[in-house]
Amino acid sequence: MTTSSPELADPATLSFEGALAELEDIVRKLEQGQMPLAESIGLYERATLLRAHCDGRLRDAEMRIEKIVASPAGQVTGTARFDDPT
């Protein structure tokens, strides 16, 4: 198995959950240590692509999350970006 194998979907087309499930499957296979070196390297390369895709999806989600901003009296005054320190 290599990263150019036609049966493997482009990581960019996968949902976060789909990429994570495939990544977990690859980790299980690599931990078993029962495959030839060349196949292990191909799986490791695929796992690297999947991890990068998952990281990107998480960053995108984080940027979309808003936090509730409350006044000192506890009243909701609006929302702010997740990464806004206010």
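Which helix holds H53? H53 sits in helix α2. The legends below take the overall fold first, then close-up views. This is a predicted model, in which local features need pLDDT of at least 70, side-chain atom pairs count only at pLDDT 80 or more, and totals for chains, interfaces and linings use all residues. Residues are numbered from 1 along each chain as its sequence is written, and side-chain values use heavy atoms, with hydrogens and water left out.

**View 1. The protein chain comprises two helices and two strands.** From the N terminus on, the order is α-α-β-β. Helices (H or I, at least four residues) and strands (E, at least two) are DSSP runs, numbered from the N terminus. The protein chain has 86 residues, of which 23% count as buried. Buried means under 20% relative accessible area, exposed over 50%, and partly exposed in between (1.4 Å probe, protein chains only). Contact means heavy atoms within 4.5 Å. Among contacts between residues at least 6 apart in sequence, 45% join residues at least 24 apart.

**View 2. Helices α1 and α2 pack against each other.** Helix α1 covers residues 16–32 and helix α2 covers residues 37–64. Their axes are 9 Å apart, at an angle of about 150 degrees. That angle makes α1 roughly antiparallel to α2. Axes are lines fitted to C-alpha atoms, for helices over the stretch in contact, and angles run from 0 to 180 degrees between N-to-C directions. Angles under 35 degrees count as roughly parallel, over 145 as roughly antiparallel, 65 to 115 as roughly perpendicular and the rest as oblique. The crossing of α1 and α2 is left-handed: the near helix is turned anticlockwise from the far one by less than a right angle.

**View 3. Residues of α1 meet residues of α2.** The α1 side includes F16, L20, E22 and K29. The α2 side includes Y44, R46, R51 and R57. In this contact, twelve residues are nonpolar, two polar and five charged. Ala, Val, Leu, Ile, Met, Phe, Trp, Tyr, Cys and Pro count as nonpolar, Asp, Glu, Lys and Arg as charged, and the others, Gly among them, as polar.

**View 4. The largest nonpolar core has nine residues.** They are L14, A19, L23, I26, M35, L43, A47, L50 and C54. The largest share, four residues, comes from α2. A nonpolar core is a set of buried Ala, Val, Leu, Ile, Met, Phe, Trp, Tyr and Cys residues joined through side-chain atoms within 4.5 Å.

**View 5. L14 and H53 are in contact.** Beyond neighbours within four places in sequence, L14 also contacts A9, A19, E22, R46, L50 and R57. H53 is buried, at 13% relative accessible area. Setting aside residues up to four places away in sequence, H53 touches P11, A12, L14, S15 and A19.

**View 6. E17 and L20 both belong to helix α1.** E17 counts as exposed, because its relative accessibility is 56%. L20 is partly exposed, at 30%. E17 and C54 lie 37 residues apart in sequence and 8.5 Å apart in space, C-alpha to C-alpha.
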